[in-house]
Amino acid sequence: MALPSRASVVIVGGGIAGCSVAYHLTKIGVTDVVLLERRQLTCGTTWHAAGLVGQLRATRNLTELAKYTADLYRSLEAETGQATGFKQNGSVSVAKTPARLEELKRGASMGKTFGLEIDVLSPAEIKERWPLLSLEDVVGGVFLSKDGQTNPIDTTIALAKGAKMRGARIFENTRVDRIRIERGRATGVDTAEGFIAADTVVLAAGMWSHGLAAAAGVAVPLHAAEHFYIVTEPIAGLPSGLPVLRVQDECAYYKEDAGKLLMGCFEPVAKPWGMDGIPEAFCFDTLPADYEHFEPILAAAVRRVPVLADAGIQLFFNGPESFTPDDRYYIGEAPEVRDLFVASGFNSVGIAASGGAGKVVAQWILDRRPPVDLSDVDIRRVMPFQSNRRYLRDRTVETLGLLYAMHWPYYQYRTARGARRSPIHDRLIAAGACMGETAGWERPMWYGKAGSAPAYEYSYGRQNWFDACREECLAVRDSVALFDQASFAKFLVQGRDACRILNAMSTANVDVPAGRIVYAQWLNERGGIEADLTITRLAAQEFMVVTSAICQTRDLAWLRREIAATEGAHCFVTDVTAGVAMLGLMGPKSRALLEGLSGQDLSNASHPFGQSRELDLGYARVRASRITYVGELGWELYVSAEFCGELYERLLEAGAPLGLKHAGYHAMAACRVEKGYRHWSHDIADEDTPLDAGLAFTIDWEKTGGFTGRGALLQQRGRAVLPKRLVQVMLEDHSSVAPLLYHEEPIVRDGLIVGSVKSGAWGHRLDRSLGMGYVEFHGGVTREWLDSGRWEVEVACQRHPARVQLAPWYDPKSERIKC
């Protein structure tokens, strides 16, 4: 079959992800699909995958995709005639410590909100399901009945066959040398046999994706690591159909197949591979055995499953798999280039993820928008610097093992740290800051004593920084606290059409006098929230957009594409994040501090809430914006980075008599949850509308020209009731052992799960365990419905009485921020 000169969609890579995208494209009617594989289908990493098909994931949508994957694999043989080896034998996860058992039980509670069948098991019940297991140190576990396993090669071939049955063309031994980019769009691929033009290119090339993307100016940060497993010789008396077994505390998983056991591991210190490139001839290759590296895992496995001691090892396997810096895969349209989609970096869960991932990528290609909220795996979360090879190599040492490590709340990566730093980073360290990492930024999470070296001691309860955070929150409430917010992303938008474009994007009216700060959302056509940010008008043709650190790439791409879509627009955007630092000065004494330092009147009459002006503070010209994310009187101080150190010193000096205290991001998070301030990706995302989220106050329904998403919101507003709303949650228990809320804990009304927590924290100003989350009721989520119910929150399979309301718990009338 001759290579065509063009296709509607060209897919680069013939692993399970690429074949799944092809299969699903043809299933929704996009049949002019060409898939190009450099050697043979599955020959990169798919062929040697363990083939585990687990379903519980970190979010509802990712879990739904994993459930879909299992259903798909179950039906593929009947559809295509190609056997897949799929069997739904369930899985058992075992805990050796109370902390691990709490993690598993929290996952079981979370799974209930997703409709999964999860049973908590005693050691004896574990033994019933896995009789070969030694129960030494085992304290419990969980069983997921719908988990399973499949044959990776056969499953991929079935997907490929299904795609070809509907018209897709697959070419093996066809290497893609380059993705061709013209005027910011992918237009096709160059191969050894010539150019193929395409309307859409999909990069699903596994560990080759990084290099192909980089050559096209796109960041796809991933790096290969060595992955080890053994396969035994047949074991006499081995029960068939054993569930998949995971003993994460020993870094190991076990799979029975045809009378043999496969045992693999995700060890805590991994071995990156491919730093010098991947051999051109790589095809079904294996890597050299490293018995010394694997021996500690194997020794523990022999103790855990004693029959291994006498079983022969038929295969000692080592092969590469690609990992991303945050252990989450990449899908979606690249922010740098239109019409280039990515489906790569599956972190050893590619078999379990690819069915669902292929489905949503195909729909995304057809509609040019994600079909559901996929922010956890959206390629737009990537920071460009993360493609740095040394950074990836250093991080990969850690990320492989994190799959089975404890998934502690607030866990901070140990590797590849220090990439992005505030101008006052070293001063904050000296002041006792314990740094965490977000989007590569080193950020003070909490403060120990000056000169100390504070470090995290993780748990699901009150961690070792709890009391320090309390002191910081009380300083915010009672005096004044200083936050380093240099990591917040900042975009300068200029030009004759800047106001018109921003107004068309924003729910609020940004055509305001210079010096006004506008809080707004950017929406998609469905009314879903794509961005949550502030816009300050600096001059007639100049605005500053401020958003969170994690949204820097995403929001900048959204803004640039809106400008590009406006014909003849005289509008320019510059990312000034690195050059403009920001310090937050928050608390009732912040006004006195700034007035004393500036000599200016900052009273309500002179500088009301929502206003921004320039002040001279020390030697620096500073933009002082009266706004808050902690629910107190305060200012965000924007200053050119070279002046930040001097400004910091002046603030410390002037603040000392007022009791100024450093505060970190744990304090900020606790305060914002008390005040009900939303956080994009936790509380709001592209499936949530401002009406769902209680943000209708940002909307200017009547402004000239309207805004993107207005039509969808008008339809929603026209309904009698809202069936889904964001609510504030408070546990009744406020003792020292009250459980803490983190994410996806079920919210229960009159015994039925009606929603889940999206954000949680201990509110130190209220001394309560708090959260916020969505609840749903077809008859309408009204105050009357909320007040008439008996409310609970389920944490680790135990239900705790709670109160629920729409208004924030702390200062619901916002009197403190406007005093």
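Reader: Is Cys 819 buried, exposed or partly exposed?

Author: Cys 819 counts as partly exposed, because its relative accessibility is 40%. Buried means under 20% relative accessible area and exposed over 50%, with partly exposed in between (1.4 Å probe, protein chains only). Keep in mind that this is a predicted model: local features need pLDDT of at least 70 and side-chain atom pairs count only at pLDDT 80 or more, while totals for chains, interfaces and linings use all residues. Residues are numbered from 1 along each chain as its sequence is written, and side-chain values use heavy atoms, with hydrogens and water left out.

Reader: Good to know. How many disulfides turn up in the whole structure?

Author: The search finds zero, where a disulfide is a pair of cysteine sulfur atoms within 2.5 Å. Cys 819 is in none, and its nearest cysteine sulfur, in Cys 671, is 15 Å away.

Reader: Switching to sheets: in what order do the strands of the open five-stranded one run?

Author: The order is 24-25-26-23-27, with antiparallel pairing. Strands here are DSSP runs (E, at least two residues), helices are too (H or I, at least four), and both are numbered from the N terminus. Two strands pair if DSSP finds at least two bridges between them.

Reader: Which strands stand at the edges?

Author: Strand 24 (517–523) and strand 27 do; each has a single partner strand, so one side of each lacks a neighbour in the sheet.

Reader: What about strand 23?

Author: Strand 23 (residues 489–494) is largely enclosed by the rest of the structure, because five of its six residues are buried. It pairs in the antiparallel sense with strand 26 (residues 542–547) over six bridges, and likewise with strand 27 (residues 572–575) over four. Val 493 stands opposite Phe 543 in strand 26 and opposite Val 573 in strand 27.

Reader: Last topic! Which residues touch the most other members of the largest nonpolar core?

Author: Ile 11, Leu 25, Tyr 329 and Ile 331, out of 46 residues. Such a core is a set of buried Ala, Val, Leu, Ile, Met, Phe, Trp, Tyr and Cys residues joined through side-chain atoms within 4.5 Å.

Reader: Which helix gives the most to this core?

Author: Helix 8, with eight residues.
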